[in-house]
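Please consult the sequence and the model alongside the text.

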Amino acid sequence: MAGRDGDVQNFAGTINLDVRDSVPDWSAFTAKPAPPGAPNVLVILYDDTGIASWSTYGGRVSMPTLDRLAASGLTYGQWHTTALCSPTRSCFLTGRNHHLNGFASISEAATGFPGYSSHIPPQNATIATVLRDAGWSTLWVGKNHNIPVDAWGAGSSRKEWPLAQGYDRFYGFIGGECNQWFPSLAEDNHYIDQPYLPEEGYHLSKDLADKAIAFIRDVNQTDPEKPWYMWYCPGANHAPHHAPQDYIAKYKGMFDDGYEAYREWVLPRMIERGIVPEGTELTPLNPMPPGTFVEADAVRPWDSLSGDEKRLFARMAEVFAGFSEYTDAQIGRVIDFLEESGQLDNTLVIYAADNGASGEGSPQGSVNEGKFFNGYPDDIEENLAMIDELGSPNTYNHYPTGWAVAFSTPFRMFKRYTYQGGVCDPLVISWPRGIRARGEVRSQYHHAVDIVPTILDCCGVEMSGVVNGVEQHPLSGVSMRYSFDDAAAPTTKETQYYEMLGQRGIWHRGWKAVTEHGPISGMSNFEKDRWQLFHTDEDRSEAHDVADRYPDKVAELKELWMREAKANNVLPLNDMMITGKDLQAFLADLLTFPWAGFHAARPGSGGQRPPRVSSAMAMSASGLWNP
Ligand SMILES: [Ca+2]
C-alpha cells in the first residue's frame with residue numbers, strides 16, 4: 001500500500017488493509033538469535049593480584065577453582081594489563097586502549113581531556129552491547145569503577161551505569177573498593193541494603209556467587225537455548241582484605257619467612273611451571289633511584305624489621321591469602337553449578353586479574369586504611385593489639401609494600417608501575433568444547449585489549465562498524481584464539497604502549513622501553529625522562545637495562561611511543577592525583593608532596609579545598625586513593 005515504508009527498518013513483510021491479507025515479519029522487531037552452538041562467556045576479573053601469589057602460577061595462595069580451570073585449559077605467562085583498576089576494566093568493557101575509553105586513570109582522578117574524562121565515548125561500544133545485539137543475555141556482578149564520579153549519586157544520571165552500557169542485569173558496587181562485610185551495594189540502577197549481615201554468614205564474595213548463579217538460572221529458565229555473557233568482578237584482592245577466620249587460619253605460619261624469602265622460593269616454581277623461562281632473574285627489592293618514585297612505595301627489608309613487625313606483616317599476608325582463596329572457593333560454586341547444569345563444556349571462562357599486587361599499604365601495612373585517608377599515622381602497638389582481628393569486620397586492612405613486591409616476583413615494582421610488576425598478570429582460559437589443549441602454558445605476548453577480540457572470535461560475532469547509529473572506533477587489540485591449540489605460534493601482537501599516572505612504557509617485538517619516572521611522583525619534566533631499555537625476549541623480568549648499549553633502539557621506541565600516544569589520546573601526561581581547580585588551589589597552597597593531595601575531581605562542582613599534607617601522610621600518600 002502507499003505510504004512511508006522507511007519507518008521500520010528492514011521490515012520485509014507485506015502490509016495491506018486487512019491483517020488477513022498481510023504478511024508479518026518479526027525479524028524486524030526481535031533480537032536475532034545467537035549463532036548455533038554459541039558458547040556462554042564467563043569473565044572473572046580479580047582485583048590487585050600479582051603474578052606470583054596464586055598456586056596456579058607457583059605461589060602459596062591456594063586457588064582450587066583456578067587450578068581446576070587451568071587443568072582443563074590454558075595458563076598465560078605473558079599477559080598484561082594497564083597497571084590500574086578502572087583503566088584495565090575499561091579495556092575489558094570495550095576492547096579499546098584505556099585512554100581511548102577516557103580511562104587514563106581511575107574514575108576519581110578524571111581530568112577534562114579526552115583520554116582522562118572517565119566518560120566512555122559512544123564510538124567505543126561495550127562488549128555487552130555487541131553481544132546483546134547478537135543474541136546473548138548480558139550480566140555483570142561485582143566491582144564496577146567505570147562510572148564517572150559525577151554519576152555516583154543516588155539521584156544522578158544513569159546514562160553510564162551498566163544497564164545503559166549493554167548489560168541486562170547488574171549487582172555489585174560502584175567504586176574501586178568496598179567493605180566486604182558491609183558493602184555499599186547497587187542492584188541494576190539503584191543502591192540497596194545488603195541482604196543479610198556478617199553474623200548471619202554474610203560476605204560479599206559469597207553474595208556475588210549466589211547472585212551470579214541466580215542471574216544465570218533466570219536466563220536458563222526464560223530461554224534455555226539463549227547463551228549468556230557474564231562479567232564477574234569480586235572485591236578480592238583489593239583492600240580491605242576481609243575473610244572468614246577459618247580461611248585465614250589455613251595460612252598460619254606460611255609467610256613467616258618474609259617477603260624476600262618468598263621471592264627466592266617462588267621464582268624456581270614459576271620457572272618449573274613454564275610461567276617464565278629458565279634463566280629469568282630476580283630484580284632488586286627497591287629497584288628505582290631515590291627521587292624517581294613515591295617514598296610510600298619503598299620496601300623495608302625483612303631483616304630490618306622488629307620481631308613484632310615481622311609477626312604483624314606475616315599475619316597480613318595470611319589474611320590476604322585467606323581472602324583470595326575464600327573468594328575462589330565461592331567462584332567454585334558457580335563453576336559447579338555450570339557443570340551440574342551441563343553448561344560448563346561450552347562456556348568460555350576467562351579468569352584474570354586487573355593489575356599487579358597492590359603497594360598501597362605503605363611500607364608499614366595498615367590495620368585501618370581509614371587512618372591513611374585521614375592523615376593519621378599507623379602505630380605498631382595499636383596495630384599489634386588488633387592482630388587476631390585482622391580480616392574481621394573490625395579492621396580495614398592492607399599488607400605492606402614488601403608483599404606487593406613478593407607477589408609480583410620476579411618483576412620490578414607493582415600496581416601502578418609500567419614495569420612488569422604492574423602490568424604482567426595472571427590469565428587462565430578454559431573452554432572444554434573450544435580448546436583441545438589441557439593444562440598447558442602459553443607465552444604469546446598479549447594485553448587486556450585483546451580480551452574483547454578473543455571473546456568475539458570465539459562467539460563467532462563480528463564487531464559492527466556502526467553501533468546504535470554511531471560509527472565505531474576500531475578495536476585496539478587482536479584475538480588470542482590462534483594461541484589456544486598452538487603453543488609455538490608466534491605472537492601476533494606487535495606493539496603495546498603503556499602510560500600510567502605519568503610513567504610511560506612501550507613494548508614492541510620483544511623489546512620494552514620504560515621511563516624512570518614513577519607514577520604520581522610529581523616529577524613533571526617529562527621531556528627529560530630517562531628511558532630504560534629491556535630486551536624482554538631474553539630478559540623476561542626486565543632485570544637488565546641495556547639502554548646505553550642500544551641508543552638507536554631507545555630512540556626508535558620513544559618515537560613509537562609518541563605515535564601511539566597521539567593516536568590513543570594519551571596526552572597531556574599527569575603524574576599528580578589532583579587536577580583542575582583543585583590543582584590550582586593545591587599548588588598555591590603547598591609545594592611539598594605534590595602527589596599526596598588527591599581527592600575526587602567532580603566536573604563542574606568546583607570540589608573542595610584539598611587537605612594540608614603532613615609528613616605522616618606523605619608516607620601513606622598512595623593510601624589516600626583507592627584504585
Ligand atoms: Ca585493581
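## A covered helix

Helix H2 (residues 85–94) is mostly covered, with 10 of its 10 residues buried. Helices (H or I, at least four residues) and strands (E, at least two) are DSSP runs, numbered from the N terminus. A residue is termed buried if 20 or more other C-beta atoms lie within 10 Å of its own, exposed if 12 or fewer do, and partly exposed in between, the C-beta atoms being placed from the backbone. The buried residues of H2 are Cys85, Ser86, Pro87, Thr88, Arg89, Ser90, Cys91, Phe92, Leu93 and Thr94.

The cover over these residues of H2 includes E1, helix H3 (127–133), E8 and helix H12 (451–459). Just after H2, glycine 95 adopts a positive phi of about 75°.

## Basis of the model

The model is predicted: local features need pLDDT of at least 70, and side-chain atom pairs count only at pLDDT 80 or more, whereas totals for chains, interfaces and linings use all residues. Residues are numbered from 1 along each chain as its sequence is written.

## Overall architecture

The protein chain contains 15 helices and 18 strands. Its radius of gyration is 24 Å, close to the 25 Å that the globule rule gives for 627 residues, so the chain is as compact as a globular protein of that length. The radius is taken over C-alpha atoms, and the globule rule is 2.2 Å times the number of residues to the power 0.38. Along its principal axes, the C-alpha trace of the protein chain spans about 90 × 55 × 50 Å.

Of the 627 residues of the protein chain, 52% count as buried. Among contacts between residues at least 6 apart in sequence, 74% join residues at least 24 apart. Two residues are in contact if their C-beta atoms, placed from the backbone, lie within 7 Å.

Strand E8 (residues 228–233) has 6 of its 6 residues buried, so the strand is largely enclosed by the rest of the structure. Both faces of E8 are covered: Trp228, Met230 and Tyr232 are buried on one side, and Tyr229, Trp231 and Cys233 on the other.

Strand E1 (residues 40–46) runs parallel to E8 and is joined to it by 4 bridges; two strands pair if DSSP finds at least two bridges between them. Within E8, tryptophan 231 stands opposite valine 43. Strand E4 (residues 137–143) also runs parallel to E8, with 6 bridges joining them. Serine 137 has tryptophan 228 of E8 as its bridge partner.

## Backbone features in loops

In the loop between E4 and strand E5 (169–173) lies histidine 145. Although not a glycine, histidine 145 has a positive phi of about 70°. It counts as buried, with 28 C-beta neighbours inside 10 Å.

The loop between helix H10 (401–407) and helix H11 (420–423) holds proline 410, which a cis peptide bond joins to threonine 409, with omega about 5°. Methionine 413 also lies in the loop between H10 and H11. This residue has a positive phi of about 55° although it is not a glycine, and methionine 413 is buried, with 32 other C-beta atoms within 10 Å. A cis peptide bond also joins leucine 571 and proline 572, where omega is about 0°. Proline 572 is placed in the loop between helix H13 (551–567) and helix H14 (580–589).
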